[in-house]
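Trainee: Please take me through the sites of this model one at a time, with the cut-offs behind each term.

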Amino acid sequence: MSRFEVAVSSGSYDVVVARHCRQRLFTDLELLAPHAKKAVVITTNSVAHLWPEEFTFRGERVERLLLEDGEAAKTYDTVATITSQLARWGLSRRDVVVAIGGGALTDVAGFAAATYMRGISFVNVPTTLAGQVDAAIGGKTGINIPEGKNLVGAFHQPLAVYCDPEFLTTLPERDMVAGMGEVAKCWLLEGRDATLVSAASLEDLVALAVALKARIVSADEFEQGPRALLNYGHTLAHALEQQAFGDAAALRHGEAVAMGLAFAVRLARALGRVDDAFVSETDAVLNAFGLSSVLPGDVSLEVLVEIMARDKKANHDLTFVLPGAEGFAVVAGISSDTVLQALMAFRSEHGE
Ligand SMILES: NC(=O)c1ccc[n+]([C@@H]2O[C@H](COP(=O)([O-])OP(=O)(O)OC[C@H]3O[C@@H](n4cnc5c(N)ncnc54)[C@H](O)[C@@H]3O)[C@@H](O)[C@H]2O)c1
Ligand SMILES: [Zn+2]
């Protein structure tokens, strides 16, 4: 079992990574939330049957709220459903919510927990790889509005996170590979060798990513500095996702991140920050994780550049996290032209 501490302003919390760690959650919770009288579970249809046992907390049956699966549930309506249900169950500020599901579920349940009675405690039990290595850790919670993904949210740190790799055995292959996009990002940020990927177990990979995220969030809870490095590969990824109109069936976040990583390293080379060998090593890592870095054929490169220029995380500049001689850094003020040229060169590598 691995346990990683995230030190934040509200106190520190643990991310546990271990097979079957979910079994001890409600027992641990009695100590983690000593003043709580009630705990409730918020989960989704596709996950509920993976853990059908009745839970008890302080000798009482734990109530369970079932939401719609995936991105469709990340709305104001769901927040209203959750908070009304918490009120009907009589949850007080001292009580605790347990969110069990993918990143979409932990995002919306976390946001509801952030606002119900001005914030109650919640525990995340991520059931997707993307959730375990990224979404469930770090306190970013939120929902989508018609104008854009994740435009409404709050920083609200969980009381604990339980990553049980056992949940991942039922995850569709495509979600598994997409989750590897974030793991590959962590692997690259840590400067690990591509040849070591195949020797790592799934639990090792989750632990590597969790350790990195725990360390970076502890250093920079509110993304004022080093936390931005976790956006490696994400400038292009966000633009690709926007072009897919947030349609996860067309393009998963992790798939977009893989393309973003392959592109970022090429942009770094175009700017003279890294050499050919560094680019080849990145490609080898992406390959080892089974990730494709080929841009979708129907995407307009000019439109991608336009979207990147107005990315909310980029302050209307073209900003990328890029590797360089002194490690990774946030590089601002890159001209649209340079980025477009690099995108065209990237696409032409695949003969288009
Ligand atoms: N808060 C953050 O820091 C952060 C970071 C990254 C991503 N996110 C968010 O996370 C979401 C994406 O998360 P995701 O990739 O986990 O997708 P998801 O939550 O949409 O889950 C994908 C699908 O898999 C189902 N599922 C979940 N666990 C399963 C299991 N064990 N077996 C079978 N099916 C299962 C879900 O119900 C859903 O239908 C996005 O909304 C994104 O914005 C948040
Ligand atoms: Zn991401």
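Trainee: Which strands each supply at least two residues of the lining of the second largest pocket?

Mentor: The model is predicted, so local features need pLDDT of at least 70 and side-chain atom pairs pLDDT 80 or more, while totals for chains, interfaces and linings use all residues. Residues are numbered from 1 along each chain, chains are lettered from A and ligands numbered from 1 as written, and side-chain values use heavy atoms, without hydrogens or water. A pocket is an open set of points on a 1 Å grid over the protein atoms alone where a 1.4 Å probe fits, with protein on both sides within 12 Å along at least five of seven lines, and its lining residues have an atom within 4 Å of a point. Taking strands as DSSP runs of E of at least two residues, and helices as runs of H or I of at least four, the two suppliers are strand 2 (11-17) and strand 8 (121-126).

Trainee: Which residues of that lining are closest to the centre of the second largest pocket?

Mentor: The volume, meaning the space filled by probe spheres set on the grid points, is about 240 Å³ for this second largest pocket. Among its 16 lining residues, the closest to the centre are Val-8, Ser-10, Gln-157, Pro-158 and Leu-159.

Trainee: How much of the area that ligand 1 exposes when taken alone does the protein bury?

Mentor: Polar contacts here are pairs of N or O atoms within 3.5 Å, and a side-chain atom of Thr-127 lies 2.7 Å from a nitrogen atom of ligand 1. A backbone N or O atom of Phe-167 is 3.0 Å from a nitrogen atom of the ligand, and a polar backbone atom of Ala-104 is 2.9 Å from one of its oxygen atoms. Of the 870 Å² that ligand 1 exposes when taken alone (Shrake-Rupley method, 1.4 Å probe), the protein buries 82%.

Technical notes: Polar contact = N/O pair within 3.5 Å; in protein donor to acceptor, adjacent residues only side chain to side chain.
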